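Dear colleague,

I am passing on the structure below, together with a short account of what was found in it. Please have it open beside this message as you read.

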Amino acid sequence: MPMQIQPCDAERDAPRIQAIFNHAIEQTTALYEYQPRSLEQVQTWLLQKKADRLPVLGLYSAADTLQGFASYGPFRPWPAFQYTVEHSIYLHPQAQGKGLGRPLLSALIQAAEAQQYHVMMAAIDASNQASCALHQRLGFQCVGRLKQVGYKFGRWLDLDFYQLQLMTPIEPTEAGPVR
Ligand SMILES: CC(C)(COP(=O)(O)OP(=O)(O)OC[C@H]1O[C@@H](n2cnc3c(N)ncnc32)[C@H](O)[C@@H]1OP(=O)(O)O)[C@@H](O)C(=O)NCCC(=O)NCCS
């Protein structure tokens, strides 16, 4: 199936993004959340990304249906972390297991380089083998495991941190990355 990657549209895509988020919240440990997100929360999240000039990239099938999305935001809210982002990637359940995560995450890496970031971080539930494998395939290294920092579905959850070092920026300054 031919796929296209382009920025998500806050208005059109919000319901589908909500459905993808809420499946991950209700059925998996990909997100350490208990309550589904409302449409309003998702719309606010999308608008904030736009205001902050942070990408939300969508993977669309030929029928223009959103099959997944990927985004990043600040890693930690202090100035000296400004060249580091923490990202996330979510595919619709029917789009998983088909190798579609790779082009979407690759596009997000390109976006981070274009914006002159230096490090991408992913916090991945240690039992999420597909996500760990996907990140390793694209050059991320597991740099540590936080043990039992989560609790969901009646069990403790370990969290793995994966890191990708980018070649950008050529000349870092305290003024920060380009957006
Ligand atoms: C995690 C996710 C992004 C992965 O994308 P995907 O396109 O479904 O990934 P795939 O199933 O094609 O697998 C990617 C790679 O991992 C490998 N893999 C998949 N499941 C695996 C498993 N259980 N054990 C080991 N390797 C596995 C695949 O073989 C593939 O490797 P390859 O590129 O060498 O063929 C996607 O499944 C998803 O959105 N899941 C739900 C939300 C989520 O977990 N998001 C990540 C939060 S950190």
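**Domain, ligand site and backbone**

According to the UniProt annotation "domain: N-acetyltransferase", which comes from an unreviewed entry, the domain covers residues 3–162; UniProt positions are given here in the numbering used for this model, feature names are shortened, and annotations may be inferred rather than shown by experiment. This is a predicted model, in which local features need pLDDT of at least 70 and side-chain atom pairs count only at pLDDT 80 or more, while totals for chains, interfaces and linings use all residues. Residues are numbered from 1 along each chain as its sequence is written, and side-chain values use heavy atoms, with hydrogens and water left out.

The span 3–162 is 34% helix and 34% strand, and its end C-alpha atoms lie 26 Å apart; helices (H or I, at least four residues) and strands (E, at least two) are DSSP runs, numbered from the N terminus.

Turning to the ligand, there are 19 residues around it, of which L91, G97, G101, N128 and R137 come nearest, a residue being counted as near if one of its heavy atoms lies within 4 Å. This shell divides into 9 nonpolar, 7 polar and 3 charged residues, where Ala, Val, Leu, Ile, Met, Phe, Trp, Tyr, Cys and Pro count as nonpolar, Asp, Glu, Lys and Arg as charged, and the others, Gly among them, as polar. At least two residues of the shell come from each of β4 (84–91), α3 (101–114) and α4 (129–137), and α4 gives the largest share, 6 residues.

For polar contacts (pairs of N or O atoms within 3.5 Å), an oxygen atom of the ligand is 2.8 Å from a polar backbone atom of G97, and an oxygen atom of the ligand is also 2.8 Å from a polar backbone atom of G99. A nitrogen atom of the ligand is 3.0 Å from an N or O atom in the side chain of Q129. Taken alone, the ligand exposes 940 Å², and the protein buries 70% of that (Shrake-Rupley method, 1.4 Å probe).

Two backbone features deserve a look. Most residues other than glycine have a negative phi, and most peptide bonds are trans. R53, in the loop between α2 (39–51) and β2 (56–61), has a positive phi of about 55° although it is not a glycine. A cis peptide bond, with omega about -5°, joins T168 and P169, and P169 lies in the segment after β7 (155–165).

With best regards

Key:
Polar contact = N/O pair within 3.5 Å; in protein donor to acceptor, adjacent residues only side chain to side chain.
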